[in-house]
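Trainee: Please give me a close look at one part of this model, with the terms spelled out as you go.

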Amino acid sequence: MIELKFSAQNKDGRSLNGSFTAASYGEGKKKINALAERNNLKILKIEKKATYLYKIQKRNDKSIKGEQKAYSKQEVQNALSRLGFNVLSVNKKLFDFNFNPPPGEIVTFVKISAELLEQKLPFSEILTLLMGDVQNKTLKETLKEINNDLKRGADSQETFIKYTPVFGKFTAYMLGLASKSGNMTEIYKATAKFIERQLEFKKSLRSVLITPSITMFILFLTVIFYVAYIFPETARLFVRFGVELPPMTAFTLKLSDFLSNNSMLVTALIVVPLIVFWRLIKTTKGKFLFDKFILKVPYIGTLIHKTLIEIYSRVFYTLYSGSAESIEPIRIAAEATGNQYFESQIKNIAIPLMVKKGVGLTEAFKASGVFTETALSRFHSGEETGTIKNTSLQLANYYETETVHRLKNFIELIQVIIAMIIMIVMIALTFVSAETATVRPSTTTSYNSHTIERIIT
């Protein structure tokens with residue numbers, strides 16, 4: 001997250017200044033240029049806020065070193081001079097890398113904040129306490145900036161949303177909303193629970209999909225290396241002696257020759273699909289198709305689908321306050337799932353039906369096609385009895401219990417299958433090696449010294 005300041009001039013020659021927050025310099029520059037085009041402004045200068053290292057001294061005291069973010073070196077010098085310091089040096093920090101904090105740091109911040117809020121501690125004091133304890137530099141700086149903005153009277157929701165790249169879209173929205181709500185503690189608790197479940201889900205998904213895939217890929221490369229480079233050295237020795245090879249050894253040698261002669265083709269067949277797939281899911285359309293397809297994968301698709309409904313229901317429970325204000329919670333909850341297909345169906349089908357045609361919540365959810373019969377039944381029951389908020393929480397807890405248990409069993413099953421595949425591959429390699437070891441030159445074959453020399457060389 002970077003901050004940019006621009007100086008501009010309107011058509012009357014009047015000077016204007018402004019600032020923007022963006023994820024990158026390029027994005028910020030586009031925003032500034034778009035603003036200039038809309039308001040017929042001429043951009044004179046764009047400055048990026050950077051970190052400056054300074055060394056100062058007051059009277060004859062010991063010199064002090066520190067760092068400060070500013071738009072220019074002169075800005076830092078002027079600020080320190082106004083404070084009565086003798087500025088010894090100010091230099092721009094050469095390497096100013098700021099990596100986003102790990103999700104665990106965000107969870108810790110939100111959970112501790114919720115606990116301190118429950119103890120009636122003012123939020124400004126909570127930020128001051130956490131700024132001193134947070135280890136991640138980016139999060140520390142972010143909390144410092146948020147605290148300064150709030151002290152200056154900035155809108156809390158706009159302040160947190162400004163740091164969406166640090167907190168994540170949903171978390172930033174929820175933390176900003178909490179400051180305006182009458183139940184800040186409850187929203188912080190719910191947000192912490194949501195982030196924890198999201199992390200747990202991603203971790204489980206990695207165990208189910210990514211880890212086995214990497215294991216199988218490494219096993220595949222190991223087999224290729226054995227067949228293409230290690231095995232042929234022994235097998236070809238027998239060929240030179242004119243020994244007839246057993247079936248498995250002969251087949252493996254043919255496979256080795258094929259791999260050696262077509263190494264570029266084999267490499268392309270392995271690498272190109274992976275690159276194409278990776279680039280595809282980075283696009284909006286590709287991500288949408290992947291998110292739609294993953295829900296249809298046998299067993300794992302069902303687990304992911306139910307987990308999305310659990311996340312949706314939990315967020316909906318946190319934000320929902322009544323049927324008159326149900327559209328915004330529905331939209332935010334859909335975005336919180338992180339699945340573009342699920343989100344699109346809610347936004348483009350369910351919400352328009354409710355807004356334009358006055359369709360009920362359950363009927364709109366049914367039309368979206370992303371809710372199970374169980375979920376629709378529970379929402380219908382809650383809608384009829386006026387307890388849809390509590391029903392959402394019950395549904396979230398129910399699916400959490402079910403998915404956690406079934407996912408754990410599925411991970412164990414995948415691990416067993418992977419172990420069996422590795423065992424089968426190792427047994428096959430052992431058989432081929434054992435068969436090769438039993439090959440012996442025929443005793444009736446005679447070789448003269450010239451033949452032996454040719455074979456050796």
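Mentor: Strands E1 and E2 form a hairpin, with five residues between them. In the turn, Gly13 has a positive phi of about 85°. The model is predicted: local features need pLDDT of at least 70 and side-chain atom pairs count only at pLDDT 80 or more, while totals for chains, interfaces and linings use all residues. Residues are numbered from 1 along each chain as its sequence is written, and side-chain values use heavy atoms, with hydrogens and water left out.

Strands (E, at least two residues) and helices (H or I, at least four) are DSSP runs, numbered from the N terminus. E1 covers residues 2–9 and E2 residues 15–22, and they pair in the antiparallel sense over eight bridges. Two strands pair if DSSP finds at least two bridges between them. Ile2 of E1 stands opposite Ala22 in E2.

E1 has another partner, E3 (residues 42–48), also antiparallel, over six bridges. Here Lys5 stands opposite Glu47 in E3.

Buried means under 20% relative accessible area, exposed over 50%, and partly exposed in between (1.4 Å probe, protein chains only). Val416, in helix H18 (residues 388–437), is partly exposed at 45%.
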